[in-house]
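Please prepare a briefing on the structure shown here, with attention to its pockets, its nonpolar cores and its metal site.

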Amino acid sequence: MAITDHDLILNESDSQRLSGELGIMVIPGVELTTTAGHLIILNPKRRFNGLSLEGAVKTAHQEGSTVIIPHPMDPLSHGIGISEARSLIPYSPLIETLNASTLSYYNSKATSFALRNSLPMVAGSDAHLADAVGDAYTVVDSPSSDPASVILSISAGKTMPRGKRTSAVTLAKTVCTRLIRRVRC
Ligand SMILES: [Zn+2]
């Protein structure tokens, strides 16, 4: 499971602790809020505060982290949009073509973009509630189940998006939970 909280990086010791507690592989990551939209970095080596979209991608690329463009064509979820996505093609990012919280229309547009540009595809549950975890998931073709090997295979684009969109009931629960949290804040 990749944990990609908004602008909050799970450090290595926390991800190892969680792996032990949950009995599953936990891949650290972050969903960055850039001025151009959202960007996922798996296995980040540093904080990315204050970097532009391209600056963050370039740095992550150089440091061997994995860059995923989540829900790229969905403006309602802060997708970066087609022109920004095109500008990142030289960095061979993975494209999230199945986001469980996004409308099928936007997922189809993301799939067309990935296919047209021969970019690898992934799926993500984008879960904000436990109920939605795993609705969409990525099958990784890795020679071993060792975390380093799995991360390497993801970076190499040996990935297949699978799963389904989150149910309307769970999405409604997510919206209510987020509103309640905001009111409490
Ligand atoms: Zn997002």
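The briefing below is arranged by topic.

The model is predicted, so a pLDDT of at least 70 is required for local features and 80 or more for side-chain atom pairs, while totals for chains, interfaces and linings use all residues. Residue numbers run from 1 along each chain as its sequence is written, and side-chain values rest on heavy atoms, with hydrogens and water left out. The largest pocket has a volume of about 1000 Å³, and a zinc ion has Glu31, His38 and His71 as its protein donors.

**Zinc site**

- Glu31 (OE), His38 (ND1) and His71 (NE2) lie 1.8 to 2.2 Å from the zinc ion; donors are N, O and S atoms within 2.8 Å of the metal (3.2 Å for Na, K and Ca), and sites may look incomplete because water is not among the atoms.
- Along the chain, the donors follow the spacing E-x6-H-x32-H.
- Glu31 counts as buried because its relative accessibility is 4%, and His38 is likewise buried at 7%; buried means under 20% relative accessible area, exposed over 50%, and partly exposed in between, with a 1.4 Å probe and protein chains only.

**Largest pocket**

- A pocket is defined on a 1 Å grid over the protein atoms alone, as an open set of points where a 1.4 Å probe fits, with protein on both sides within 12 Å along at least five of seven lines; lining residues have an atom within 4 Å of a point.
- The volume of about 1000 Å³ is the space filled by probe spheres set on the points, which are joined across faces, edges and corners.
- The lining comprises 35 residues, and Met1, Ala2, Ile3, Gly124 and Ser125 lie nearest the centre of the pocket.
- Among the elements that each supply at least two lining residues are strand S1 (2-3), strand S6 (121-124) and helix H5 (147-155); helices (H or I, at least four residues) and strands (E, at least two) are DSSP runs numbered from the N terminus.
- Strand S7 (136-140) is also among these contributors and gives the most, with five residues.
- By class, the lining has 21 nonpolar, ten polar and four charged residues; Ala, Val, Leu, Ile, Met, Phe, Trp, Tyr, Cys and Pro count as nonpolar, Asp, Glu, Lys and Arg as charged, and the others, Gly among them, as polar.
- Ser125, in the loop between S6 and S7, counts as buried because its relative accessibility is 14%.
- Not counting residues up to four places away in sequence, Ser125 touches Ala100, Ser101, Ala132, Val133, Gly134, Asp135, Ala136 and Thr166, where contact means heavy atoms within 4.5 Å.

**Second largest pocket**

- The second largest pocket has a volume of about 440 Å³.
- Its lining has 19 residues, with Ser77, His128, Thr174, Val175 and Arg178 nearest the centre.
- Helix H6 (residues 168-184) supplies the largest share of this lining, six residues.
- The class composition of the lining is six nonpolar, nine polar and four charged residues.
- Arg182 also lies in helix H6 and counts as exposed because its relative accessibility is 63%.

**Nonpolar cores**

- In soluble globular proteins, nonpolar side chains tend to be buried together.
- The largest nonpolar core has 21 residues, and Leu32, Leu39, Ile41, Ile69, Leu88 and Ile95 have the most contacts inside it; such a core is a set of buried Ala, Val, Leu, Ile, Met, Phe, Trp, Tyr and Cys residues joined through side-chain atoms within 4.5 Å.
- S2, S3, helix H2 (53-62), strand S4 (66-69) and helix H4 (104-116) each supply at least two residues of this core, and H2 provides the largest share, four residues.
- Leu39 touches residues including Val30, Glu31, Leu32, Leu53, Val67 and Ile69, not counting residues up to four places away in sequence.
- A second, separate core of nine residues includes Leu42, Ile68, Val122 and Ile154.

**Backbone and loops**

- Asp7, in the loop between S1 and helix H1 (12-22), has a phi near 55°, a positive value in a residue other than glycine.
- With a relative accessible area of 43%, Asp7 is partly exposed.
- His78, in the loop between S4 and helix H3 (82-87), has a positive phi near 65° and is partly exposed, with a relative accessible area of 48%.
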